[in-house]
Amino acid sequence: MKGESPNYEEQLSHVIDALVNDILSTSDEDVLAEAAEEYGDAQKAAKHVDELISRARAVIGRRKLAAARSEMKTAKQSPRLPALRLSLDRKKHILQSFAQRDENLRKSLTMAARNEKQLTEADYDAVLEALYTLGAIDEDGNPR
Amino acid sequence: MLGPSPVESATSTVAGADVISCLSTADVLRLLKVGRVFALGTRLDPDDLFQEALTRVLDERRRCPPGVDPVVFVANAMRSIADADRKAIQREQAALAEAELTEERPASGKTPPPEVILTDAERQAACKKAVDDLFGLFADDEEAQTLLLGDLYGHSADEIRQMNDMDETEYATVRRRMRRKMNRAYPKGWTT
């Protein structure tokens, strides 16, 4: 429309598109030659590329590690299974009642006692979780 | 054009690590050059822009559909990140202007508040300056200015060649000259 100001934002957007498309369609040969000019030589350019990619991978690695640590911390603070919050005596009682019916479990518990291997609370928790997974107990530790 | 945003499908997209492993040294160097252009009007260093795009791809926050060129995919990611930074700057500027003009704010009506008009006008002025600066860079290169004029109005490479009776070699030569001049003038990214 006559007298209407040009849309400079639109014009700039077109220029950006054109410049970027030109870069993306530049041959490998030209890209590498231009990079060699900018960085001093092709090897320095390649080294810069490797550093950037390594740095990005390192950032992701650190994030994943932090996420895994956070997940572990959350799992420790809020056990999945309510039965794991029972007292140690109660946990022992549940396992022993199953041991009376399950020979393999009884043998394992007996062997541990003979070898004076103190079963830790974590050991009891592991068995409770296994019993829950097998459907032998409910989430509160009651036999099904 | 860079093409429409890829439609993302959870079941058929390409893993981020695979996208990155597809990029050759030349591809990454291309993307760094692209970063210099997209950096205009942002607070981002071109290397940081590329790196942020890369981490989003590796983090699977952006997933590449099969069949899409990984270079184009990463370039589109960089464009999105740059656009988001520019919008954030505009919001911050609008908030600052709002804070300064609070006492003089007109009664609500259909006219946008003065601070928004101010920001729109500032944006247009900044875009005009960027384009004027670019033309200034190629002040002694008539052929480059011709191509830039074609770019300004959204003409394709083919259209620009036809309008100016250039063959592909001549066109490529001028583009190469323009890239080299921009690389030297804006090694840390296009700024105004």
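Predicted model: local features only at pLDDT ≥ 70, side-chain atom pairs only at ≥ 80, totals over all residues.
1. **Ground rules.** Local features need pLDDT of at least 70 and side-chain atom pairs count only at pLDDT 80 or more, while totals for chains, interfaces and linings use all residues. Side-chain values use heavy atoms, without hydrogens and water, residues are numbered from 1 along each chain as its sequence is written, and chains are lettered from A in the order in which they are written.

2. **Extent of the interface.** Counting contact as heavy atoms within 4.5 Å, 47 residues of chain B touch 41 residues of chain A. The two chains bury about 4300 Å² between them, with 64% of it on carbon and sulfur atoms; buried area here is the accessible area (1.4 Å probe) lost on being put together, summed over both parts. On the chain B side, B:L29, B:R30 and B:R179 lose the most area to chain A, together 14% of what that side buries.

3. **Charged pairs.** The rule finds twelve salt bridges across the interface, each a side-chain nitrogen of Lys or Arg within 4 Å of a carboxyl oxygen of Asp or Glu. One of them joins B:R79 to A:D17, whose closest N and O atoms are 2.2 Å apart.

4. **What chain B brings.** Among the helices (DSSP runs of H or I, at least four residues, numbered from the N terminus), α2(B) gives the most to the side touching chain A, with eleven residues. By class, that side has 26 nonpolar, six polar and 15 charged residues, where Asp, Glu, Lys and Arg count as charged, Ala, Val, Leu, Ile, Met, Phe, Trp, Tyr, Cys and Pro as nonpolar, and the others, Gly among them, as polar.

5. **Largest cavity.** Two cavities of 30 Å³ or more turn up; a cavity is a set of points on a 1 Å grid over the protein atoms alone where a 1.4 Å probe fits but cannot get out, and lining residues have an atom within 4 Å of a point. The largest holds about 160 Å³ of space. Of its 14 lining residues, A:I23, B:V37, B:R179, B:M182 and B:N183 are the closest to its centre. α8(B) gives the most to this lining, with five residues.

6. **Second cavity.** The second largest cavity has a volume of about 60 Å³. Its lining includes A:V31, A:Y39, B:L29 and B:R36, and has five nonpolar, no polar and three charged residues.

Conventions
Helix = DSSP H or I, 4+ residues; strand = E, 2+ residues; numbered from the N terminus. 1 Å grid on protein atoms, 1.4 Å probe; cavity = no way out; pocket = protein on both sides within 12 Å on 5 of 7 lines; lining within 4 Å. Points joined across faces, edges and corners; volume = space filled by probe spheres on them.
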